[in-house]
Every structure is written in structure tokens, then in C-alpha cells.
Amino acid sequence: MNVIQQRRSVRLFEDKAVSESDLQNVLDAANHAPSAHNQQSWRFIVVSGEKKRELAGLVNEKAAGFPKASSALLRMASRSISSAPVVVGVVTTGEMTRHATGLFSPDQKKARDFFRTMEIQSSAAAIQNLLLAATALRLSSVWLGILILINEDVLNLFEETEGELMAVIPLGYSEKVKAMPPKKSLETRVKYIHR
């Protein structure tokens with residue numbers, strides 16, 4: 001519970017490298033997430049150095065083609081990517097969707113949607129594990145979902161030909177620790193149903 005409550009979304013990072021052992025630990029935590037039918041239909045793309053600069057540049061360049069609000073979020077994401085020493089992309093492999101839809105006929109669209117949703121849910125669990133492991137190791141991170149707006153461009157940069165982008169996660173050390181934003185009370189979020 002302490003790790004869960006300490007986790008923050010951090011968007012600016014110190015100029016300090018993440019150790020290889022810490023990086024491997026957060027990736028291992030992500031890979032141990034629960035997944036639909038234990039298929040683990042995710043891939044983690046670790047980006048640093050020149051490729052990370054290319055990614056930040058791509059995001060910044062593509063931001064110009066979007067309305068103001070989306071453009072601002074993409075530019076903010078580009079700054080986070082630039083300032084982090086390492087970035088982890090999370091992509092679904094699409095394996096479940098491709099292999100399982102043949103098992104459910106005749107409604108192929110419903111089967112595709114069903115298995116695609118399970119891949120997304122599984123990847124989200126892996127991302128959460130990664131974020132919590134990073135927090136436990138005193139690393140900072142942020143889940144950048146906005147890059148889904150430029151899914152194909154990011155997949156091309158990652159040299160991924162199949163699947164879908166789920167998140168890009170900058171990892172590093174926070175320039176400053178912020179207070180936890182207010183959370184809605186459980187009373188407004190939980191519904192109990194009794195017989």
C-alpha cells in the first residue's frame with residue numbers, strides 16, 4: 001500500500017542514469033503481470049540515446065498537426081521523453097487477436113474486439129506493475145498514453161510491424177516530488193449490491 005500511495009506521475013527528470021539492474025527489475029515486474037490465458041502478448045521496447053532523441057523529435061513534430069489541446073499534451077510528452085534517461089514503450093503483439101479469432105465463428109468482429117480488449121487489459125496490468133516497481137526502486141515515471149494519437153509513427157520508430165502502442169513510459173529520477181493529487185472518496189466510487 002505504501003508503494004501504491006507513493007507513486008506519482010513525474011514528467012521532468014534529473015540528468016542521472018538509471019542502472020541496468022533497476023531497469024531489468026522494472027521490466028521483470030512488468031513481465032510478471034497477469035495476462036489473459038497467460039499469453040503475455042506484450043513487448044517492451046527500451047529506448048535511449050539517439051533513438052530516444054528521435055522519438056522526442058517525432059512526437060514534437062507530429063504535435064503541430066493536432067488541435068491545440070492534443071498538441072499541447074504531445075509537446076509535454078516530448079519534453080518528458082527528452083528529459084528521461086530511458087524510455088520504455090509497451091506494445092501489444094496482437095498474437096491473441098490473430099490466433100484466437102478463428103476459434104469463434106461466425107462473428108469475427110466480435111471475436112476480434114474481445115481478444116483485442118484482453119490484450120489491452122493485459123498490457124495495462126504490465127504497465128501498472130512497471131510503474132509500481134519503479135516507485136519501489138525510488139525511480140520516477142509517467143504513463144504517456146497520448147502517443148496513441150500517433151500510434152503508427154511510434155510503432156515504425158520502434159521497428160514494430162504488428163500490434164498496438166499501449167504506452168510510452170519515461171523512467172528516471174524526479175527533479176522534484178509533488179504532493180499526491182486529491183483522490184475521489186471511495187463512497188463515490190464503490191457500489192455495493194446485496195441480495
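The model is predicted.

The secondary structure of the chain consists of 8 helices and 4 strands. Read from the N terminus, these elements follow the order α-α-β-α-α-β-α-α-β-α-β-α. Along the principal axes, the C-alpha atoms occupy a box of roughly 55 × 45 × 40 Å. The radius of gyration of the chain is 18 Å, which agrees with the value near 16 Å for a compact globule, because that is what 195 residues would give.

Helix H2, residues 20–31, packs against H6 at an angle of about 145 degrees, and the two axes lie 7 Å apart. The crossing in which H2 passes H6 is right-handed. On the side of H2, the contact is formed by Val26, Ala29 and Ala30; H6 contributes Ala126, Asn129, Leu130, Ala133 and Ala134. Sorted by class, this contact of H2 with H6 comprises 7 nonpolar residues and 1 polar residue, with no charged residues.

Attention now turns to the pockets. The largest pocket has a volume of about 280 Å³. Its lining includes Gln6, Arg7, Arg8 and Val10. By class, the lining of the largest pocket holds 4 nonpolar, 5 polar and 3 charged residues.

The second largest pocket has a volume of about 240 Å³. It is lined by 13 residues, of which Arg7, Arg8, Met180, Pro181 and Lys183 are the closest to its centre. At least two lining residues of the second largest pocket come from helix H1 (2–6), and at least two from helix H6 (108–136). Helix H6 is also the partner of H2 in the packing described above. The lining of the second largest pocket divides into 5 nonpolar, 3 polar and 5 charged residues.

Technical notes. Residues numbered from 1 in each chain as written. Predicted model: local features only at pLDDT ≥ 70, side-chain atom pairs only at ≥ 80, totals over all residues. Heavy atoms only, no water. 1 Å grid on protein atoms, 1.4 Å probe; cavity = no way out; pocket = protein on both sides within 12 Å on 5 of 7 lines; lining within 4 Å. Points joined across faces, edges and corners; volume = space filled by probe spheres on them. Nonpolar A, V, L, I, M, F, W, Y, C, P; charged D, E, K, R; others polar. Axes fitted to C-alpha atoms, helices over the stretch in contact; angles between N-to-C directions. Left-handed = near helix turned anticlockwise from the far one by under 90°. Contact = heavy atoms within 4.5 Å. Rg over C-alpha atoms; globule rule 2.2 N^0.38 Å.
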